[in-house]
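Notebook open, two chains to go through. I want to know who touches whom and what sits inside.

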Amino acid sequence: MKTSYLFPHRFKLISGILFTITGALLIYTLFDSTAFSKVELNMKVFAIADPGVFEPAIYFSWVENNIVDEIVLLLFSVSGLIFAFSKEKTEDEMTSKIRLDSLVWATYANYIVFMLCVIFVFSFAFLQALMFAIFTHLVFFILRYNWKIYKFNHSTDEE
Amino acid sequence: MKNRIKIERAIANLTQGELAERIGVSRQTINAIEAGKFVPSTVLALKLSRLFAKSVNEIFDLEEGD
């Protein structure tokens with residue numbers, strides 16, 4: 001089956017490893033908020049907006065910033081997208097159906113969790129929840145899709 | 001939707017895996033179609049029709065509620 005929007009199957013393993021490592025790092029920062037500042041990689045970067053807590057707000061100009069967190073977040077997003085949307089070994093309409101079903105399911109699951117956060121989580125923890133809600137969509141999809149594909153690939157033969 | 005793929009496959013003396021390879025899907029997909037868990041696309045139905053040399057209507061049939 002021809003699909004233009006999927007990545008080749010050979011990317012699945014490497015992106016999966018990278019996704020797990022960067023995901024583990026992000027979870028670690030939940031418990032240790034200074035984790036990212038332990039590695040210094042300061043660079044001049046272009047900021048569209050950098051409101052600052054104690055300094056005046058800066059818009060559309062160059063600022064000094066530790067880019068470790070940016071790198072981790074970008075690696076996490078890119079590897080997550082590739083891992084989520086790479087082809088199966090045998091790509092056919094059944095895998096497409098499982099992919100679509102899982103995407104719908106993940107969207108519902110993510111919004112249900114998000115609405116629970118709206119109701120039960122407040123102040124800074126809510127901002128953190130908002131950030132995580134962006135990634136959990138992909139995470140829910142990956143978990144559900146791979147579980148279903150695993151079950152499908154191990155479906156019993158009648159012969 | 002009902003289908004006679006399992007019967008046609010037996011007549012043609014093909015395993016699920018062999019049939020899958022001939023029409024470019026996985027063995028599990030054939031299994032799912034035969035079990036009625038998955039309704040194939042028109043393209044796949046026509047490929048099966050050509051392979052078994054039977055019309056699509058002879059292989060697939062609507063059920064009550066379709």
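My entries follow, roughly in the order I looked things up.

**Ground rules.** I am working with a predicted model, so I keep in mind that local features need pLDDT of at least 70 and side-chain atom pairs count only at pLDDT 80 or more, while totals for chains, interfaces and linings use all residues. Residues are numbered from 1 along each chain as its sequence is written, and chains are lettered from A, ligands numbered from 1, in the order in which they are written.

**Chain A to chain B.** How many residues does each chain give to the contact? I count a contact when two C-beta atoms, placed from the backbone, lie within 7 Å. On that basis chain B puts in 13 residues and chain A eleven. On the chain B side, helix H3 (residues 27-34) gives the largest share, four residues. By type, the chain B side splits into five nonpolar, eight polar and no charged. My classes: Ala, Val, Leu, Ile, Met, Phe, Trp, Tyr, Cys and Pro are nonpolar, Asp, Glu, Lys and Arg are charged, and the others, Gly among them, are polar.

I call a residue buried if 20 or more other C-beta atoms lie within 10 Å of its own, exposed if 12 or fewer, and partly exposed in between, with C-beta atoms placed from the backbone. The core has 22 residues, and those touching the most other members are A:Ala84, A:Met94, A:Ile98, A:Phe141, B:Ala20, B:Val25 and B:Ile30. At least two residues each come from H2 (68-84), H3 (93-120) and H4 (123-153) of chain A, and likewise from H2 (16-23), H3 and H4 (42-52) of chain B. H4(A) gives the largest share, five residues. Domain 1 (1-87) and domain 2 (89-159) of chain A each contribute at least three. I then followed B:Ala20: leaving out residues up to four places away in sequence, its contacts are B:Val25, B:Ser26, B:Arg27, B:Thr29 and B:Ile30.

(The expected span is 1.5 Å times one less than the number of residues.) Its buried residues are A:Met94, A:Thr95, A:Ile98, A:Arg99, A:Ser102, A:Ala106 and A:Asn110. I note that an α-helix has 3.6 residues a turn, so residues three or four places apart point the same way. What do the buried residues of H3(A) pack against? Their partners are H4 of chain A and H3 of chain B.

In H3(B), B:Gln28, B:Thr29, B:Ile30, B:Asn31 and B:Ile33 are buried. These pack against H3 and H4 of chain A, and against strand S1 (2-3), helix H1 (5-11) and H2 of chain B. After H3(B) comes B:Gly36, with a positive phi near 75°.

**Strands in chain A.** S1 (residues 42-50) and S2 pair antiparallel over eight bridges; I need at least two DSSP bridges to call strands paired. A:Val45 sits opposite A:Val63 in S2(A). S2 (residues 58-66) has nine residues and zero buried, so it lies largely in the open. A:Phe60, in S2 of chain A, has a positive phi near 50° without being glycine. It counts as exposed, with 9 C-beta neighbours inside 10 Å.

**Domains of chain A.** Domain bounds come from an automatic or database domain assignment. The C-alpha centres of domain 1 and domain 2 of chain A are 20 Å apart. Their contact takes seven residues from domain 1 and eight from domain 2. The domain 1 side holds three nonpolar, three polar and one charged.

With 7 C-beta neighbours inside 10 Å, B:Asn13 counts as exposed.

Methods. Core = buried A, V, L, I, M, F, W, Y, C linked by C-beta atoms within 7 Å.
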